[in-house]
Amino acid sequence: EAGAGTGERPYSHAGHEFALVIAGELEMEIDAVVYRLKTGDSMAFKSTLPHAFRNPGASVCEVLWINTAKPSEVKDGA
């Protein structure tokens with residue numbers, strides 16, 4: 001939804017992420033650097049970097065989001 005996001009504090013975890021903006025706008029903060037993505041833009045990054053996102057637009061943002069992790073990066077089978 002417009003204005004929605006992960007909150008004020010970035011977080012991190014094991015793995016890698018890929019995001020493709022299908023519609024709308026997405027503001028990504030990765031390792032204290034802010035990126036503004038629009039429809040058709042994509043990015044990939046290590047999930048171990050502090051990251052957060054939000055929808056700065058006035059309409060719904062649709063994103064294809066893929067998270068992956070190598071078995072050796074995952075603790076306790078999660």
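Where does Ser 12 lie relative to β1 (16–23)? Ser 12 sits in the segment before that strand. Everything here comes from a predicted model, where local features need pLDDT of at least 70, side-chain atom pairs count only at pLDDT 80 or more, and totals for chains, interfaces and linings use all residues. Numbering starts from 1 along each chain as its sequence is written, and side-chain values use heavy atoms, with hydrogens and water left out.

View A. Take Leu 49: 37 residues away in sequence, yet its C-alpha is 5.7 Å from that of Ser 12. Ser 12 counts as partly exposed because its relative accessibility is 44% (buried is under 20% relative accessible area, exposed over 50%, partly exposed in between, with a 1.4 Å probe and protein chains only).

**View B. The β2–β3 hairpin.** Strands here are DSSP E runs of at least two residues, numbered from the N terminus. Strands β2 (residues 25–30) and β3 (residues 33–38) pair antiparallel over six bridges; pairing takes at least two DSSP bridges. Glu 25 is bridged to Lys 38 of β3, and Glu 29 to Val 34 of β3. Two residues separate the strands, and Asp 31 in the turn has a positive phi of about 50°.

**View C. The open sheet.** Its three strands run in the order β3-β2-β5, with antiparallel pairing. β3 and β5 (51–54) are at the edges with a single partner strand each, so one side of each has no neighbour in the sheet.

Note on methods
Helix = DSSP H or I, 4+ residues; strand = E, 2+ residues; numbered from the N terminus.
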